[in-house]
Number of protein chains: 2
Amino acid sequence: MTRTHAVPDLVDRARGGDARAVARLITLVEDASPRLPEIAAALAPHTGRARVVGLTGAPGVGKSTTTSALVGAYRARGQRVGVLAIDPSSPFSGGALLGDRIRMQDHATDPGVFIRSMATRGHLGGLAWSTPQAVRVLDAAGFDVVLVETVGVGQSEVDVVALADSVVVLLAPGMGDGIQAAKAGILEIADVFAVNKADRDGADATVRDLKHAISLGRREIRGASWRQPVVKTTADRGAGIADLVEAVDAHHDWTAAHGDLAARRVERARAEIEAVALAALRARWRGDRLDALAVRVAAGECDPYTAAHALTADGENDHPG
Amino acid sequence: MTRTHAVPDLVDRARGGDARAVARLITLVEDASPRLPEIAAALAPHTGRARVVGLTGAPGVGKSTTTSALVGAYRARGQRVGVLAIDPSSPFSGGALLGDRIRMQDHATDPGVFIRSMATRGHLGGLAWSTPQAVRVLDAAGFDVVLVETVGVGQSEVDVVALADSVVVLLAPGMGDGIQAAKAGILEIADVFAVNKADRDGADATVRDLKHAISLGRREIRGASWRQPVVKTTADRGAGIADLVEAVDAHHDWTAAHGDLAARRVERARAEIEAVALAALRARWRGDRLDALAVRVAAGECDPYTAAHALTADGENDHPG
């Protein structure tokens, strides 16, 4: 079944707008297919066009609703949109849970929209390995915007979304507000803030606290400074979504003008190359030699640095392919 | 300042119960000190005695309160306890936030307790690299129990806690219950479940749902099967904590009898060796060669697999030390 289509054919069909070919390519990424080097080579010439927008926030701030509203806004101006929703999987459910993505079904029959929940936990290399490759598939397939949605708690999840061209961090009033976001370590990766559920009590206070935090901690980027805007949204009614799209556009234009966009894309490529290289090495290391070293370290006979040195020194005359 | 004490002296003092020496060693881990190989070698002969207990759950289930109650219970039977609280850091706060660890201060003046919030985000190798090394410090320093507390959302955080000798997963009624836990991908790593805030409405329903989920999805380990117990706790009043300690003891005894404890410790060592080796390789890779490859990948001139191959093939005659 997995070899029904040759790689060039799959890539051609994905580029021609065939959603099943796109889905198939992302499944091959999730399954760590041995055909991935060939796929990557076929995709590469067609990449670099999509605008990659990350969206993150603590559980319960309304990420799915906001993502869905953004999809609608980009569609309204004629752009094709791909969505990657990053969810830890569970063996109890057998994959990524789709429960809270019900609203996404507004777009289920629109051929200009492709939505995928990624189930990646436990895979070699994890999110850092699989997410950029899935983005690459959507980029090559001609989606104008790729939205990457992750939960804003967790080192891997935050690291992955931080590599987008523009990062939207969502907050909501009455959830511990600024402190809650600071705990998740996500304030510093925001290019645009959205205070969602803005019809609730406390929204203005959240906006005020956030602006104060920004004024204290703002980043300096390449000599010029991007002051992160704060947009109020009520995503389930569509309120504020046009402002949010405009703020993301403004950030995109600013980064393109200041060289930051190119720098981010190089940083994303750098992280992707590293993740691919590390996964290849890990696959090569797994086996008797590592097992024997681990037994010695667990017994206190050897320390992990000496063991790591032995592991990487061994086999230095071959390299992963 | 960082070289005030020679490594053997620091390790001797940590083993003699000097909390400042323990703190200094963990800081050297967090700072990725070049002295870590020497430290690891000095620690190794003294490791393998501590019982490592992981504790995780979604935000708001009462992890800190439960950890603090467990510390009290272990102290009551004369055991020394080390706690590692894994928190994403924020540059706004300049480090791990201690806000919700206030209750930990119950134990702040007890020399038999060492509590540390780890600020690890952005470090080379991240949690997978730093946490086991910090556990190793506490183990060598003679702590009988090392509690590792992480948020139960996020691939890295869940992976790290899954490597403990015993993993306690906390749930609370009225938080979306089973589904909430399944989303975090943490049901499958639980050895013991605690339904905290058991004085609240819905606690019995949560226990019932959980037992049902366990009956559907239970793991088979080495031919014998450990059926995860479900304990009700109200940690802020100390209720159920003795039952929780007893359940963790029972799991420990079971794993020791069935060979699973040794297997987990080997797996933990394996992950630690890999993390150390990968961090060394990443440090070696960062530089002009990777930058040049990343520019080509970002421009679509090269794919990440070809680039990764070029990266790892380059310099194959030297290895990280």
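A disulfide is a pair of cysteine sulfur atoms within 2.5 Å. By this rule, zero disulfides are counted over all chains. This is a predicted model, in which local features need pLDDT of at least 70 and side-chain atom pairs count only at pLDDT 80 or more, while totals for chains, interfaces and linings use all residues. Residues are numbered from 1 along each chain as its sequence is written, chains are lettered from A and ligands numbered from 1 in the order in which they are written, and side-chain values use heavy atoms, with hydrogens and water left out.

Buried means under 20% relative accessible area, exposed means over 50%, and partly exposed lies in between (1.4 Å probe, protein chains only). A:Cys302 has a relative accessibility of 8% and so counts as buried. B:Cys302, at 7%, counts as buried too.

The strands of chain A come next. Helices (H or I, at least four residues) and strands (E, at least two) are DSSP runs, numbered from the N terminus. Strand 5 of chain A covers residues 166-171, and because six of its six residues are buried, the strand is largely enclosed by the rest of the structure. The cover extends to both faces: A:Ser166, A:Val168 and A:Leu170 are buried on one side, and A:Val167, A:Val169 and A:Leu171 on the other.

Which strands does strand 5 of chain A run parallel to? Two strands pair if DSSP finds at least two bridges between them. Strand 1 of chain A (residues 51-57) is joined to strand 5 by five bridges, and the two run parallel. Strand 6 of chain A (residues 192-195) is joined to strand 5 by four bridges, again in the parallel sense. A:Leu170 takes part in both pairings: A:Gly57 stands opposite A:Leu170, and A:Leu170 stands opposite A:Ala194 in strand 6.

Two loops of chain A contain residues to look at. A:Gly154 lies in the loop between strand 4 (145-151) and helix 6 (155-162) of chain A. With a relative accessible area of 1%, A:Gly154 is buried. A:Gly154 and A:Ala58 are 96 residues apart in sequence, and their C-alpha atoms are 10.0 Å apart in space. A:Lys197 sits in the loop between strand 6 and helix 8 (203-217) of chain A. Most residues other than glycine have a negative phi. A:Lys197, in contrast, has a positive phi, near 55 degrees.

Chain B can be read from its own strand 1, residues 51-57, where seven of seven residues are buried. B:Arg51, B:Val53, B:Leu55 and B:Gly57 point one way from this strand, B:Val52, B:Gly54 and B:Thr56 point the other way, and all are buried. Strand 1 of chain B pairs in the parallel sense with strand 4 of chain B (residues 145-151) over seven bridges, and B:Gly57 stands opposite B:Val151 there. Strand 1 of chain B also pairs in the parallel sense with strand 5 of chain B (residues 166-171), over five bridges, with B:Val53 opposite B:Ser166.

Helix lengths can be checked against an expected span, which is 1.5 Å times one less than the number of residues. Helix 4 of chain B (residues 63-76) has 14 residues and should span 20 Å, and its end C-alpha atoms are 20 Å apart, which agrees. Because 10 of its 14 residues are buried, helix 4 of chain B is largely enclosed by the rest of the structure. Among the buried residues are B:Lys63, B:Thr67, B:Leu70 and B:Tyr74. After helix 4 of chain B comes B:Gly78, with a positive phi near 85 degrees. Helix 10 of chain B (residues 260-285) has 26 residues and should span 38 Å; its end C-alpha atoms are 37 Å apart, which agrees. Just after helix 10 of chain B, B:Gly287 has a positive phi of about 160 degrees.

Helix packing is the last topic. Axes are lines fitted to C-alpha atoms, for helices over the stretch in contact, and angles run from 0 to 180 degrees between N-to-C directions. The axes of helix 2 (residues 19-30) and helix 5 (residues 126-140) of chain B are 9 Å apart, at an angle of about 160 degrees. That makes these two helices of chain B roughly antiparallel (angles under 35 degrees count as roughly parallel, over 145 as roughly antiparallel, 65 to 115 as roughly perpendicular and the rest as oblique).
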